[in-house]
Amino acid sequence: MPARRTLLIPALLDDWFPLLQYAFTSDSWEPVLLTEDQGLAGLGLRYFHNELCYPVFLVAGQVLSALASGKYDPARCGVLMGQAGDECRGSCGIRLTRKALDRAGYPQVALLSLNVRGIDRDTGLPITPVMVRRALAAAVWGDTLAILRNQTRPYEVHPGAAESLWRMWMKSLGDSLCQGKSLTRCQIMARCREMATSFRRVETAPRKVQKVAVVGEIYTKYCHLGNWDLERDLAAAGCETGVGGITWYTLYYMDSHALKGPAAQRKLYRLLMRYMGSVQREMLDILNEAGYRTLPPFTRMKEQAKGLAPLNCTVADGWLIAAEAAAWARLGYRKILCVQPFACLPGHIFGKGQYAALQRKLPGARLVSVDYDASTGTGTVESRIRMLLDEELDF
């Protein structure tokens, strides 16, 4: 059997990719998460027009930086890139990156497209039942761990205890995924219960902390490169952070994007949505019974979003932004950061375009919009975040 090739995975989902990477392991590919984080935008801008969206620069810059490091053999490397397949300009990222790699002297590096819309079929990574099973477990476990850590960390008596426990569980669950173990529904939920029990044992003390929710475009919401380590900074400021999990985003995508295909494909996704929705509800029941606050199940959150945003607004993150903002506000996260990359046209129109109306409909909350871009100074971003944290909400 020929040796496996290296599948480079650019950063995107910080709290999920350490687990989700194992969904992409196969007899042909060995996944590796990229960790390069210096000078990425500038490197990407050497090959792209500066009017493209910020995540495209960062992804391309991270790939080029990794290849230039000498750690990988370009002749035995591939790069995995996700494509939403809607009006997002990032869906063209794989073709633009192909040109950049060729210009940089890496024509031998393969590019693999991860999508469910049949885009770039000649470069598509086949989606197998094994991949789906591992991805489901990774998504559920990633959501569970993120919620447990975020709601334990601000109150821990011993600093770093929640983060250390999160890393321990990431290692243990990663080993299970790598070996293909504990992937039945009952086993997935059993591990969720074990995680909740272990976090309940962390010694905590009651404290008055600010509860801050983060909503917005997927890359800037979930990736430390896209949001300049926002999660770390909020934690350092003693905030309890609320970020919607990847199961909500996946169900939103199925509901609003993947159901646009042929009849047979729509039927398949309806079945997948029902199953994943029931798995999500079981996960949330475990967390709620253990005393943790969560967003409502996807179907209920969508129902609650009526009147907040048009539910036919499904471009990019569409109505999901309004739904998550409202749901977090109901849970007591009255300060809400709405993040997006500059030059993301769908994000500005269908995301940022909602904020003023949404603020009027959520009188008990405060929304602050933050743009991230290669040309934006850190002081501009930090001042907007600080403005929200320092504001006294008494309405």
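## Opening question

What is the handedness of the crossing of H6 and H7? The crossing is right-handed. A crossing is right-handed if the near helix is turned clockwise from the far one by less than a right angle, and left-handed if anticlockwise.

## About the model

This is a predicted model, where local features need pLDDT of at least 70, side-chain atom pairs count only at pLDDT 80 or more, and totals for chains, interfaces and linings use all residues. Residues are numbered from 1 along each chain as its sequence is written, and side-chain values use heavy atoms, with hydrogens and water left out.

Helices (H or I, at least four residues) and strands (E, at least two) are DSSP runs, numbered from the N terminus.

## H6 and H7

H6 packs against helix H7 (residues 185-200) at an angle of about 160 degrees. Their axes lie 11 Å apart. Axes are lines fitted to C-alpha atoms, for helices over the stretch in contact, and angles run from 0 to 180 degrees between N-to-C directions. The angle therefore makes H6 roughly antiparallel to H7. Angles under 35 degrees count as roughly parallel, over 145 as roughly antiparallel, 65 to 115 as roughly perpendicular and the rest as oblique.

Contact means heavy atoms within 4.5 Å. On the H6 side, the residues include Trp-166, Trp-169 and Leu-173. They meet H7 residues, among them Met-195 and Phe-199. The residues of this contact of H6 with H7 divide into seven nonpolar, three polar and two charged. Here Ala, Val, Leu, Ile, Met, Phe, Trp, Tyr, Cys and Pro count as nonpolar, Asp, Glu, Lys and Arg as charged, and the others, Gly among them, as polar.

## H5 and H12

H5 and helix H12 (residues 263-289) pack at about 30 degrees, with axes 11 Å apart. That makes H5 roughly parallel to H12. Their crossing is right-handed.

In H5, Leu-136, Val-140, Asp-143, Thr-144, Ile-147 and Leu-148 take part. In H12, their partners are Tyr-275, Met-276, Val-279, Met-283 and Leu-287. The contact of H5 with H12 has nine nonpolar residues, one polar and one charged.

## The second largest pocket

A pocket is an open set of points on a 1 Å grid over the protein atoms alone, where a 1.4 Å probe fits, with protein on both sides within 12 Å along at least five of seven lines; lining residues have an atom within 4 Å of a point. The second largest pocket holds about 1,100 Å³ of space. Its volume is the space filled by probe spheres set on the points, which are joined across faces, edges and corners.

The second largest pocket has 50 lining residues. Asp-14, Asp-15, Arg-149, Glu-163 and Glu-231 lie nearest its centre. H5 gives the most to the lining, with six residues. By class, the lining has 25 nonpolar, eleven polar and 14 charged residues.
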